[in-house]
Amino acid sequence: MADDQRGVQDLATLISHFYNEQYLLPWWLMHHTAMFDHGILINRGSTDRSVEMCKLFAPNWEVRDSKVPEFDAIDVDREVMEIEEEVSGWKMTLNTTEFLCSWNQDAFFKSLDVVGARMYSIRLIMMVDDPKVPYPDPVYTLPLVKQRHHGFLYYEYTPKYNGRFIHNFSHGDYCSGRHESRHPYLEYLAPAFVIKFYYSPWNHWMRMRKLQIGPTLSEHSRLNGLGIYHLVTPEQMEIEYHKWALRSQDLRTIPAYQILGLHH
């Protein structure tokens, strides 16, 4: 979105923590640099080529080191909110697995002002590969959102914790996990979703990505039951995948997904 299309007060900023995300970052950055004016990418001690990917695919975005060395939901959310306070306009915080998609990006951002709310919850679609469908590994020459089409509409199963926020408050005033906020907000019901690559693409790289998170969980999180679903063995993870795969369906048959126009 070019700066000359909207006023400075309307600029949109994307914020994200990352830790060893070199596999997903090229797709994630190519997707979101086309949508957001600015990005602040927070490196939580990556030891792979993640920082290199950020500088290559988003050379005009800011990369900074996190003040939170371990994975701690409360401290991470606090850091996000402090960073949100540095910028004005619309701001959104997403994980590297999460891709904001809308039927028309310019119309989407304009609609935020037209509707008149200051905060919206964008519904989640969870991507889960169907084990019966022989998907090839995705390639970087195509958007990742166009290379998978199995999953489920998360808000149909968990109507309360169903989205990610975009807002223009000083910060999101999030509850732990950033799926709820103390601010008043509207659920955004027009055709826009956050597509979350949950168990998709279900290959070696994504398996390794999931398994690396648990060892970085803070002691505070472990004691308080925050993020403990990351503490899994490879065998437990496969069981979880097959459990979620039971919900997975061909999203191309669902009208709400069809409107995004990802598959023609």
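In the predicted model, helix α1 packs against helix α2 through a defined set of residues: Leu 25, Pro 26, Leu 29, Met 30 and Thr 33 of α1 are in contact with Ser 50, Met 53, Cys 54 and Phe 57 of α2. Classified by residue type, this contact comprises seven nonpolar and two polar residues, with no charged residues. Two packed helices are described by the angle between their axes and the distance between the axes. For α1 (residues 25-33) and α2 (residues 50-57), the axes come within 10 Å and cross at roughly 30°. Since angles under 35 degrees count as roughly parallel, α1 and α2 are therefore assigned to that class, roughly parallel to each other. The crossing of α1 and α2 is right-handed.

The second largest pocket has a volume of about 230 Å³. Its lining consists of 13 residues, and those lying nearest the centre of the pocket are His 31, Met 35, Cys 101, Ser 102 and Gln 105. Strand β5, which spans residues 98-102, gives the most to this lining, with three residues. In terms of residue class, nine nonpolar, three polar and one charged residues line the second largest pocket.

Two features of backbone geometry were identified in loops. The peptide bond that joins Ser 200 and Pro 201 is cis, with omega of about -15°. Pro 201 is located in the loop between β10 (192-199) and α5 (204-213). Asp 173 is situated in the loop between strand β8 (163-167) and strand β9 (186-188).

Note on methods:
Residues are numbered from 1 along each chain as its sequence is written. This is a predicted model: local features need pLDDT of at least 70, side-chain atom pairs count only at pLDDT 80 or more; totals for chains, interfaces and linings use all residues. Side-chain values use heavy atoms; hydrogens and water are left out. On a 1 Å grid over the protein atoms alone, a cavity is a set of points where a 1.4 Å probe fits but cannot get out, and a pocket is an open set with protein on both sides within 12 Å along at least five of seven lines; lining residues have an atom within 4 Å of a point. Grid points are joined across faces, edges and corners, and a volume is the space filled by probe spheres set on the points. Helices (H or I, at least four residues) and strands (E, at least two) are DSSP runs, numbered from the N terminus. Ala, Val, Leu, Ile, Met, Phe, Trp, Tyr, Cys and Pro count as nonpolar, Asp, Glu, Lys and Arg as charged, and the others, Gly among them, as polar. Axes are lines fitted to C-alpha atoms, for helices over the stretch in contact, and angles run from 0 to 180 degrees between N-to-C directions. Angles under 35 degrees count as roughly parallel, over 145 as roughly antiparallel, 65 to 115 as roughly perpendicular and the rest as oblique. A crossing is left-handed if the near helix is turned anticlockwise from the far one by less than a right angle, and right-handed if clockwise. Contact means heavy atoms within 4.5 Å.
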